[in-house]
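Work through these exercises with the structure open beside you. Try each task before you read its solution.

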Amino acid sequence: MDDSVIFSIDTSSHSDGTGAPVRLELEIRVETHGIGVMNLTAIFPQRLTDSLAEDIQPEWNTEGDTLLFKSSRDLEEGLYEIYKLTPDGSEPSRVNTEQSYHGYPGWSPDGTHVVFNSWVYGNESGNRQMEIFTANISTGETHRVTDNSAFDDSGRWSPDGSEVIFYSNRDGTMDLWKVPVSETGEPTGPPVKLVGTDAREHCGRWSSDGEWIVYESDQSGNNDIWVVPSDGEESTQVTFDDYEDGYPAWSPDGTHIVYNSLRGINGDLHILSLADGVLHRLTSDLAIDAHPTWSADGRYIAFHSDRSGNFDIWVVEIPLINSNESL
C-alpha cells in the first residue's frame with residue numbers, strides 16, 4: 001500500500017517583499033493527531049531584467065556584486081552582445097568587443113576582461129567556425145584565443161588567470177581542453193586536452209580554488225554531472241539519475257554544486273552536496289530555469305528563466321544549506 005501524499009504549499013504570502021528566504025515549520029497531522037514537524041525554507045526568486053529580448057547565461061564576477069550575461073536586445077536574430085548588471089535595479093550596460101556574436105560570457109579573475117565564444121567567417125568560402133575570444137571591458141580590445149576549424153565553445157578563465165578551459169570537437173568528439181593565456185587573455189601556448197572520451201564532455205567550470213573542474217557528460221549513457229582535478233586526472237561522476245543534468249557551477253567553498261535538471265516539461269535548479277550526496281531542489285516552476293551561477297558570498301544564485309514568458313535574468317537568495325532542512 002502506498003501511503004505517500006503529494007501536496008503543494010503556496011508560500012508567497014510569507015514573503016516580506018525583499019526576496020529574503022523565510023524559514024517555516026510545517027506540522028504534519030493525521031486527523032487530529034500530530035505525527036511530526038518538517039522544517040523548510042521558502043525562497044522567492046527575483047527578476048533582474050525585463051526585456052522583450054532574450055537575456056541568458058548569467059555569470060557572477062569574483063566579488064559577487066556584478067553579473068555578465070548575453071542578450072539579443074536590439075539585434076538581428078541569432079546575434080548576441082554582452083551586458084553587465086548589478087542587482088540594484090540599475091539598467092544593464094553593454095560590454096563592447098570587436099566581435100558581433102557573443103556566447104557564454106565569463107569574467108577574468110580581476111574583472112578587467114571577458115572571455116566568450118564567437119563566430120569567425122572565412123574570407124572566400126563564407127564558412128564559419130566557433131572560436132574562443134577575450135576582450136578588455138574598458139577598451140573593447142579583443143584577442144582571439146583559439147584558431148581551429150573545429151567548434152570551440154564555453155570558455156572559462158582559471159582563478160589564477162593563467163588558463164582558459166573550453167570544450168571542442170577538434171579530435172572528433174566534444175572534449176574539455178585548456179589553453180594557457182596572459183593576464184590580458186592572449187594565448188601563450190597551444191591548447192591541451194583535459195578530458196577526452198568517446199562521449200560528449202562540455203561546459204566545464206572551475207572551482208574557486210582552481211583545483212577542480214565540474215562539467216557535464218553523457219559518458220554514462222545519460223547526461224550527468226562529473227568532476228575532475230584541474231590537472232586532468234581521473235574523473236568522478238556525481239549525479240546518477242535518469243534526467244538530463246547540465247550547466248553545473250560550484251558553491252564558493254567547493255562543497256556543493258548547483259545545476260539544472262530537465263524533469264518532464266520543465267527544467268529546475270538543484271543543489272548537490274559532494275560530501276554526503278544530499279540533493280536539494282532549489283526551484284520548482286513550469287518554466288525553464290537554467291544556467292545557474294553562485295555568488296562569492298554564497299547567498300545568491302543567479303540563473304536565466306522564461307517563467308515571465310520571456311527569457312530574463314533572475315536571482316534567488318538562499319540560506320546556508322543544511323542537510324536536515326528542505327528548500
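A polar contact is a pair of N or O atoms within 3.5 Å; within protein, one must be able to donate a hydrogen and the other to accept it. Keep in mind that this is a predicted model.

**Exercise 1. Asp-231**

Task: Find which backbone atom lies 3.1 Å from a polar atom of the side chain of Asp-231. Then classify Asp-231 as buried or exposed.

Solution: 
- Step 1. Locate the residue. Asp-231 sits in the loop between strand S18 (224–229) and strand S19 (236–237).
- Step 2. Look for the partner. The backbone nitrogen of Glu-233 is 3.1 Å from a polar atom of the Asp-231 side chain.
- Step 3. Check accessibility. The cut-off for exposed is over 50%. Asp-231 has 52% relative accessibility, so Asp-231 counts as exposed.
- Step 4. List the contacts. Leave out residues up to four places away in sequence, and Asp-231 touches Lys-178 and Leu-194.
- Step 5. Take one distance across the model. Asp-231 and Thr-97 are 134 residues apart along the chain, and 31 Å separates their C-alpha atoms.

**Exercise 2. Glu-131**

Task: Decide whether Glu-131 is buried or exposed. Then find which side chain it joins in a polar contact of 2.6 Å.

Solution: 
- Step 1. Glu-131 belongs to strand S10 (residues 128–136).
- Step 2. Apply the cut-off. Buried means under 20% relative accessible area. Glu-131 has 0%, so Glu-131 is buried.
- Step 3. The Glu-131 side chain reaches the backbone nitrogen of Asp-147 at 3.4 Å.
- Step 4. Widen the view. Setting aside neighbours within four places in sequence, the contacts of Glu-131 include Phe-116, Val-120, Arg-144 and Asp-152.

**Exercise 3. Asn-222**

Task: Find which backbone oxygen lies 3.2 Å from a polar atom of the side chain of Asn-222.

Solution: 
- Step 1. Go to the loop between strand S17 (212–217) and S18, where Asn-222 is found.
- Step 2. Judge its surroundings. Asn-222 has 16% relative accessibility, so Asn-222 counts as buried.
- Step 3. Name the oxygen. The backbone oxygen of Asp-241 is 3.2 Å from a polar atom of the Asn-222 side chain.
- Step 4. Check the contacts. Not counting residues up to four places away in sequence, Asn-222 touches Ser-217, Asp-241, Asp-242, Tyr-243 and Glu-244.

**Exercise 4. An aromatic pair**

Task: Explain why the pair of Trp-119 and Phe-151 is edge-to-face.

Solution: 
- Step 1. Start with the whole structure. A search finds five aromatic pairs.
- Step 2. Examine one of them. The ring centres of Trp-119 and Phe-151 are 6.0 Å apart, and their planes stand at 65°.
- Step 3. Apply the cut-off. Planes over 60 degrees apart count as edge-to-face. With planes at 65°, this pair is therefore edge-to-face.
- Step 4. Trace the chain. Trp-119 is in strand S9 (residues 113–121), while Phe-151 is in the loop between strand S11 (142–144) and strand S12 (152–157). The two are 32 residues apart, and the pair links distant parts of the chain.
- Step 5. Compare accessibility. Trp-119 counts as buried at 17%, whereas Phe-151 is partly exposed at 24%.

Notes
Residues are numbered from 1 along each chain as its sequence is written. This is a predicted model: local features need pLDDT of at least 70, side-chain atom pairs count only at pLDDT 80 or more; totals for chains, interfaces and linings use all residues. Side-chain values use heavy atoms; hydrogens and water are left out. Helices (H or I, at least four residues) and strands (E, at least two) are DSSP runs, numbered from the N terminus. Buried means under 20% relative accessible area, exposed over 50%, partly exposed in between (1.4 Å probe, protein chains only). Contact means heavy atoms within 4.5 Å. Rings of Phe, Tyr and Trp (its six-membered ring) pair if their centres lie within 6.5 Å; planes under 30 degrees apart count as stacked, over 60 as edge-to-face and the rest as tilted.
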